[in-house]
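This report covers helix packing in a predicted model. The sequence and structure are shown first.

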Amino acid sequence: MSNLKNVLTIGRYFKDKFGHKVYKVPISISGFTCPNIDGTVAKGGCSFCENDSFSPNLQEKRTKFKLNPRIEENPYLENQLKQLEMQFIATRDRLQNKFGVSKFIVYFQSFTNTYAPFSTLKALYEKALSFDNVIGLSIGTRTDCVTDEILDYLKDLSKDKEIWIEYGIQSFYDETLETINRGDSAENMRYWINKSKEKGLNVCGHLIYGLPNETQEMMLETFKQTVELNVDSIKFHPLYVVKNTLLTNEFRKGRFTPITEELYIDTVVKSIVDLPDNISIQRITAGIDDETLLSPDWCRDKHTQMKKIRLALEKEGFNY
């Protein structure tokens, strides 16, 4: 093992930087949505996204109130701040008990976490940073949902906190973005990623391998262009089909075939082999093991996936 080159995982990055383990605590705040769900840029959301448009059950569970940057005031803010605290405490306690972790980053994960009035964002972010042993934030969003005001504010926070902004890139091919109902363009993504980097923010790019009609060459080209934007970290996801999405219909009509396990592993390994030493990796695969998964079946078992990718990387001289 000693002659293998260590891949810079986000865990290794945090350990090197802070001298101890840092765990991300995922948070999901009700009321958040996306501009391609609420009709601002598109309706129905990305083709792979399960959301209210397709699932009446989700509507029952979630508040009807939806945030967007144009609303004057947010009557649910107190409720959202309570949700944030309850979710953080529950996950923190579990991680402390299980792994003895003492430092955390609050990860605003579900939907678009900058798509709200600026005052709401400030209240949520500052509440998250006020918890004991929280060293920073990671904010999942879209490049069409950030503004100079938001980036300047995050830049200010980053003076003494670890601030990450995670952009769903998925693909740099506009025809793919159109096919998946993304409502954003490659040019706009490049513009805001460059802007975020100019302001000194840590940027993580999310890439999906196996998008409709994409070849391995296209996936690797998106990866290459992501690297050229000097992002700090990358997450890789396979595209899988769950119930209650636009993609469900395409799949059931035989118009979409999910990526094979072999092709996914090969594409991820080729990417990691070409990854510059200063870019960390936060995720190499994703899966879901419940009745909502329609295809591919190999996405049910994330641990087997991880093992296979690790072994494939070892053959290339890398230790993940």
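**Helix 4 and helix 5**

Helix 4 and helix 5 run roughly parallel to each other, because their axes cross at roughly 20° and angles under 35 degrees count as roughly parallel. The two axes, of residues 118–130 for helix 4 and residues 148–157 for helix 5, come within 11 Å. The crossing of helix 4 with helix 5 is right-handed.

On the helix 4 side the contact consists of F118, L121, K122, Y125, E126 and L129, which meet E149, I150, Y153, L154 and L157 of helix 5. By class, 8 of these residues are nonpolar, 3 are charged and none is polar.

**Helix 3**

Helix 3 spans residues 77–99, 23 residues in total. From its first C-alpha to its last it reaches 32 Å, close to the 33 Å expected at 1.5 Å a residue. After helix 3 comes G100, with a positive phi near 65°.

Which residues of helix 3 are buried? They are L77, Q80, L81, L84, F88, T91, R92 and L95. Residues three or four places apart in an α-helix point the same way, because there are 3.6 residues a turn. The cover over the buried residues of helix 3 includes helix 4, strand 2 (22–27), strand 3 (103–108) and strand 4 (134–141).

**Helix 10 and helix 11**

The axes of helix 10 (residues 261–273) and helix 11 (residues 302–315) come within 10 Å and cross at roughly 50°. Helix 10 is therefore oblique to helix 11, and the crossing is right-handed.

In this contact, E261, Y264, I265, V268, V269 and I272 of helix 10 meet Q305, K308, I309, A312 and L313 of helix 11. The contact residues comprise 8 nonpolar, 1 polar and 2 charged.

Notes
Residues are numbered from 1 along each chain as its sequence is written. This is a predicted model: local features need pLDDT of at least 70, side-chain atom pairs count only at pLDDT 80 or more; totals for chains, interfaces and linings use all residues. Side-chain values use heavy atoms; hydrogens and water are left out. Axes are lines fitted to C-alpha atoms, for helices over the stretch in contact, and angles run from 0 to 180 degrees between N-to-C directions. Helices (H or I, at least four residues) and strands (E, at least two) are DSSP runs, numbered from the N terminus. Angles under 35 degrees count as roughly parallel, over 145 as roughly antiparallel, 65 to 115 as roughly perpendicular and the rest as oblique. A crossing is left-handed if the near helix is turned anticlockwise from the far one by less than a right angle, and right-handed if clockwise. Contact means heavy atoms within 4.5 Å. Ala, Val, Leu, Ile, Met, Phe, Trp, Tyr, Cys and Pro count as nonpolar, Asp, Glu, Lys and Arg as charged, and the others, Gly among them, as polar. The expected span of a helix is 1.5 Å times one less than its number of residues. Buried means under 20% relative accessible area, exposed over 50%, partly exposed in between (1.4 Å probe, protein chains only).
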